Amino acid sequence: MRFELINVSKIHNRKQQTYNLRDANIRIEEQNGVAILPAHERSANALLHLISGIELPTKGKILRSGVFTGPIGDPSYFHRDLSGEENIRFICKIYGQNANEIIKEVNEFASLGKDLKKKAKSYAPPLRRKIAIATSLLMKSDIYLLKGPLNHPQPNFNAKIQARLAELAKQATFIVTAGDHNFLCKYANSSVFIDAQGYLTYFSDVQSGIDAQKAPTKDI
Amino acid sequence: MNAFFKAVGVKARVIHALFIHSLLAEHGKTKIGYLTAVIKPLGQIIMLTTMFSILGRGAPIGDSFVLFLATGIIPYNLCIGLANKMMQINKSHRSILSSTPVTPFDVSVAFLLSETLILLLSAAIILLGLGNFGYWDHKIDSLLGILLTVLASVALGYGIGLFNVSMAVITPSYEKIWKILSMPLFIMSGIIFTVDQRFPAEVLAILKYNPLLHITEAMRDNFYESWEGTLFDISYVLWFIISALLLGLLMQKITQARVRV
């Protein structure tokens, strides 16, 4: 696995010249989870999108090799006229996964039964989120993008998610963004602070990143 | 070089996924979705034929008006039908474009493949049906010519479609403008009559700039053994197609950052 940002800028608003990221240089090492601590929430989102390849940078270069799936538990790719199974098959194919295996595993993991054969428009939001979380947790990726603690209203399933996350943390790399600092410390060993202008600072532990985020910023 | 082939492999995989997705999503909404998609051109032909047979018009070329109409409508649908439908792809794939690494180019190629497949299937059904009911004697002038004409109309439709979909991103009102602009194309492309019999030379000199007219003429030229088209100019059509494709791809490159947000 290799992932590197070289002088990457991502513009937010062209007229006001505001940046989500500005001249960012970062190299993500294997087994070294990174917590993102942004001054603006949009900067964290932009960085996650750049890592998973959803958006391209305005300037700069991204070097990568490996599989990088989208943020965990994002169900927005679901098409309402396709069945859950077809939706999973689609996203597996996009990220180069073995679809048949994953459908079987999702069925087991989320204990869905016949629900996967129904069209996605008949799903209630918790069920849709359940399927999306199960799919992205079971897909093999080099970097998992974790947005918040992935709470689910069903206590049984929630326990399963946390168990799976703990299992993944042993072998995969996590990029975490969340408001809960304890959660950040659990999955990340280093941190990145993005200030309001988009400049990025790297810290080799999480706590100093949190301190940097709390420190009062100068108004310009 | 190895990385290049790997990248092509990934592109092909993504386009394959989108191709199946668009086949399932485009017409899977209702139970008869695929049937209506295949039958729609047939409906157009039947309607126009009844209209003209009531008016008492004979076929300008050959014996049957139905076959004459079919040879015009098939390339028209492949080109303008594709270009019209491609206008919607960024809208209908918005959630995919903004939550997966799929690019607008992948979506457009997948849509091109799935739509062409359905249109060619419907064309085959129309022609086989016409042959079965005795309107067509299963004779064609040149199969290669027909295939090349089909390819040309698909390429032209794809080029115009790419341009349209990118223009619609820049100014949403372009969609309405295109609707008005493309309305007279059905008459101007010589689908319901042969143009050189109908119009005087002065009008014909203007109509010649319509590439679709050349394509319809080429299609009929290759289809009927007894008829030779006079208007078809291969170099003009080829240049038009190449410039439309290049312009469309350029416009897509310019607008793709806006689409994926």
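Tutor: In this predicted model, chain A is built from 7 helices and 9 strands. A compact globule of 220 residues would have a radius of gyration near 17 Å, and the 18 Å found for chain A agrees with that. The C-alpha trace of chain A extends over about 55 × 35 × 30 Å along its principal axes. Of the 220 residues in chain A, 41% count as buried, and among the contacts in chain A with a separation of 6 or more, 68% are between residues 24 or more positions apart.

The part to look at closely is helix 4 of chain A, which covers residues 125–138. This helix has 14 residues and reaches 20 Å from its first C-alpha to its last, close to the 20 Å expected at 1.5 Å a residue. Its buried residues are A:Lys130, A:Ile131, A:Ala132, A:Ile133, A:Ala134, A:Thr135, A:Ser136, A:Leu137 and A:Leu138. What do the buried residues of helix 4 of chain A pack against? They pack against strand 5 (68–71), helix 2 (84–94), helix 3 (99–109) and helix 5 (155–171) of chain A.

A:Ala134 counts as buried because 26 other C-beta atoms lie within 10 Å, where 20 or more are required. Once its neighbours within four places in sequence are left aside, A:Ala134 is in contact with A:Val106, A:Phe109 and A:Ala110. A:Phe157 is 23 residues from A:Ala134 in sequence, and the two are 9.6 Å apart in space, C-alpha to C-alpha.

An open sheet of 3 strands in chain A has the order 2-1-4, with antiparallel pairing. Its edge strands are strand 2 (18–28) and strand 4 (59–65) of chain A, each of which pairs on one side only, and the twist averages 20° from one strand to the next. Strand 1 (residues 2–13) of chain A pairs with strand 4 of chain A in the antiparallel sense over 6 bridges, and A:Leu5 stands opposite A:Ile62 in strand 4 of chain A. Helix 1 (residues 41–52) of chain A lies across strand 1, strand 2 and strand 4 of chain A, and runs at about 50° to strand 2 of chain A.

Another set of pairings involves strand 8 (residues 190–194) of chain A, which is mostly covered, with 4 of its 5 residues buried. Strand 3 (residues 34–38) of chain A pairs with strand 8 of chain A in the parallel sense over 5 bridges, and here A:Val192 in strand 8 of chain A is the bridge partner of A:Ile36. Strand 8 of chain A also pairs with strand 9 (residues 200–203) of chain A, in the antiparallel sense and over 4 bridges, with A:Phe193 opposite A:Thr201 in strand 9 of chain A. The hairpin of strand 8 and strand 9 of chain A has 5 residues between the strands, and in this hairpin A:Gly198 takes a positive phi near 100°.

Chain B, in turn, has 13 helices and 0 strands. Of the 261 residues of chain B, 37% count as buried, and the C-alpha trace of chain B spans about 55 × 45 × 40 Å along its principal axes. For 261 residues, a compact globule would have a radius of gyration near 18 Å, and chain B, at 19 Å, agrees with that. Among contacts in chain B between residues at least 6 apart in sequence, 74% join residues at least 24 apart. Helix 12 (residues 211–223) of chain B has 13 residues and reaches 18 Å from its first C-alpha to its last, close to the 18 Å expected at 1.5 Å a residue. Since 13 of the 13 residues of helix 12 of chain B are buried, this helix is largely enclosed by the rest of the structure.

Finally, the two chains touch through 17 residues from chain B and 17 residues from chain A. On the side of chain B that touches chain A, the elements giving two or more residues are helix 1 (2–27) and helix 5 (94–97) of chain B, and helix 1 of chain B gives the largest share, 7 residues. By class, that side of chain B has 8 nonpolar, 6 polar and 3 charged residues.

Note on methods. Residues are numbered from 1 along each chain as its sequence is written. Chains are lettered from A and ligands numbered from 1 in the order in which they are written. This is a predicted model: local features need pLDDT of at least 70, side-chain atom pairs count only at pLDDT 80 or more; totals for chains, interfaces and linings use all residues. The radius of gyration is taken over C-alpha atoms; the globule rule is 2.2 Å times the number of residues to the power 0.38. A residue is buried if 20 or more other C-beta atoms lie within 10 Å of its own, exposed if 12 or fewer, and partly exposed in between; C-beta atoms are placed from the backbone. Two residues are in contact if their C-beta atoms, placed from the backbone, lie within 7 Å. Ala, Val, Leu, Ile, Met, Phe, Trp, Tyr, Cys and Pro count as nonpolar, Asp, Glu, Lys and Arg as charged, and the others, Gly among them, as polar. The expected span of a helix is 1.5 Å times one less than its number of residues. Two strands pair if DSSP finds at least two bridges between them. Axes are lines fitted to C-alpha atoms, for helices over the stretch in contact, and angles run from 0 to 180 degrees between N-to-C directions.
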